[in-house]
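My entries are in the order I worked.

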Amino acid sequence: MTRRHGYALLSAIITVIVALSAAIYFGVAADDGGDHGARRPGAPGSAAPASGGTWVGTWSASPSGAEPGTAAKGTAGRSVRNVVHTDVGGTSARITLSNLYGHRPLAITHASVAVASANGPAAAPGTMRRVTFGGAPSVVVPAGQQVVSDAVRTAVPHDSDLLVTTYSPTSSGPVTFHRHARQISYAARGDRTEDPSGTAYTERTPSWRYLTALDVFSNEAAGTVVALGDSITDGVTSTIGANHRWTDVLAERLRRAAGSGGVPRYSVVNQGINGNRVLPDGSLGLPVENPSGLSRLDRDVLGRTNVRAVIVDLGVNDILRTPGRADPDRITAGLRTLVSRAHARGLKVVGATLMPFEGHRGYRPDREKVRQAVNAQIRSGTVYDAVVDFDAALRDPYDPRRLRADYDSGDHLHPGDRGFARMAEVFDLASLKGAAPARL
């Protein structure tokens with residue numbers, strides 16, 4: 001072989017390698033890394049939009065139980081229009097629907113997404129889009145399961161309300177819902193899925209039904225942060241419709257500071273459930289309602305889209321709802337197990353200290369000692385990768401067993417809007433950056 005032929009052959013090999021590398025790069029870039037096939041076995045994957053970006057969560061809510069009074073008829077013959085608030089925006093969207101607490105298959109014959117025009121059920125002009133599942137307008141969600149829709153090409157603005165509407169002609173039994181939405185959603189008789197006016201939506205509900213996640217294909221974020229918590233994370237004392245949960249304020253801070261000063265480009269989704277605990281499950285049932293933080297970790301954290309970090313604010317209900325004296329070592333052992341499981345997926349975990357609750361009906365001096373013992377272990381650095389000290393930020397400096405009056409919602413356990421804002425303000429955004437350490 002001559003030198004000239006050798007150079008030509010080498011040039012051809014380099015060209016092939018570059019082409020293969022580009023194909024691999026763009027193939028990986030179009031994938032969010034989430035195992036969505038596991039959520040809906042056998043369903044074809046949604047094609048990623050042509051524009052640059054990645055799939056991230058922009059909103060979510062944990063299924064907390066079966067909606068009372070829906071066992072007989074569910075929402076049969078009605079359109080359910082959930083109003084949800086986005087964090088980051090994107091060029092496409094997909095939804096997750098859950099029939100976790102249903103007793104029969106849930107038949108969804110039509111579904112849609114639209115940008116809300118204002119505070120209410122009406123859609124902004126020209127934004128209504130039909131949602132499909134495996135290319136079809138209808139889908140059947142088996143009892144105890146969930147499905148993920150195809151990608152819908154639509155402009156999703158950040159920090160805005162979206163309408164996600166479903167119609168089911170038949171009952172599946174109890175409606176899977178998230179009780180404390182702090183957002184008014186709607187329902188209408190008949191199939192009004194693609195009705196943009198909202199006039200027929202005369203039924204109001206304070207809960208989210210069936211819908212558990214909204215993902216967007218976005219260039220505004222590179223990953224998702226999941227906040228796992230109880231009623232404080234759920235924001236049960238925040239102003240309805242105002243999006244004043246501490247996770248909402250944190251999401252806004254992250255969005256504004258993204259990419260500067262070591263702040264990662266992450267979205268935030270809320271997986272708080274009222275009354276949630278680290279260890280024991282809630283009320284008995286099949287499946288159990290209000291499952292513990294440990295038992296719902298796979299579903300509500302590891303199963304979310306493109307998760308990079310977890311914020312945990314759990315433990316106060318383990319103290320308040322234990323008949324005898326709660327064991328602080330058992331609580332922190334449960335938290336360490338949670339962290340270990342998150343580390344196995346490469347996720348960084350930021351944990352919160354437990355805020356004071358003197359004045360609340362559940363307060364007792366021995367419970368205060370447990371809270372202090374748990375917080376001491378959290379602050380020692382032996383539980384989480386990083387700590388956000390909500391206790392120090394919100395307690396009364398003159399009586400540290402109580403919330404500061406202007407941060408208190410009035411029940412002496414949950415913050416009000418100003419307290420939630422303070423929680424987000426003291427959060428070190430840079431603490432979310434990086435992967436899990438090899439060893440805690």
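I am working on a predicted model, in which local features need pLDDT of at least 70, side-chain atom pairs count only at pLDDT 80 or more, and totals for chains, interfaces and linings use all residues. Residues are numbered from 1 along each chain as its sequence is written, and side-chain values use heavy atoms, with hydrogens and water left out.

I took helices (H or I, at least four residues) and strands (E, at least two) as DSSP runs, numbered from the N terminus. I counted two strands as paired if DSSP finds at least two bridges between them.

**Sheets**

I looked up the six-strand sheet first. It is open, with antiparallel pairing and the order β7-β6-β11-β3-β13-β14. β7 (129-130) and β14 (203-205) are its edges; each has a single partner strand, so one side of each has no neighbour in the sheet.

I then checked β3 against β11 (residues 161-168). Eight bridges join these antiparallel strands. V83 has L163 of β11 as its bridge partner.

Next came an open sheet of three strands. Its order is β2-β12-β15, again with antiparallel pairing. β2 (65-66) and β15 (208-209) are the edge strands, each pairing on one side only. I found two bridges between β2 and β12 (residues 176-178), in the antiparallel sense. G65 is opposite F177 of β12.

**Spaces**

A probe the size of a water molecule, rolled over the atoms, shows where empty space is left. The search used a 1 Å grid over the protein atoms alone. A cavity is a set of points where a 1.4 Å probe fits but cannot get out. A pocket is an open set with protein on both sides within 12 Å along at least five of seven lines. Lining residues have an atom within 4 Å of a point. Grid points are joined across faces, edges and corners, and a volume is the space filled by probe spheres set on the points.

Which residues lie closest to the centre of the largest pocket? I noted that the pocket holds about 360 Å³ of space. The closest of its 27 lining residues are H85, N243, R245, T247 and D248. At least two lining residues come from each of β1 (54-60), β3 (78-85), α3 (246-257) and β18 (266-272). α3 gives the most, with six residues.

I sorted linings by class: Ala, Val, Leu, Ile, Met, Phe, Trp, Tyr, Cys and Pro are nonpolar, Asp, Glu, Lys and Arg are charged, and the others, Gly among them, are polar. The largest pocket has nine nonpolar, eleven polar and seven charged lining residues.

How many cavities of 30 Å³ or more does the whole structure have? I count two. The largest cavity has about 50 Å³ of space. Its lining is D230, I232, D313, L314, G315, V316, L354 and M355. That is five nonpolar, one polar and two charged.

The second largest cavity has a volume of about 40 Å³. Among its lining residues are P63, F177, W208 and Y210. β12 supplies the largest share, three residues. By class I get six nonpolar, four polar and no charged residues.

**Helices**

Two packed helices are described by the angle between their axes and the distance between the axes. Axes are lines fitted to C-alpha atoms, for helices over the stretch in contact, and angles run from 0 to 180 degrees between N-to-C directions. Under 35 degrees counts as roughly parallel, over 145 as roughly antiparallel, 65 to 115 as roughly perpendicular and the rest as oblique. A crossing is left-handed if the near helix is turned anticlockwise from the far one by less than a right angle, and right-handed if clockwise.

I returned to α3 for its packing on α9 (residues 417-425). Their axes are 8 Å apart, at an angle of about 40°. α3 is therefore oblique to α9. Their crossing is right-handed.
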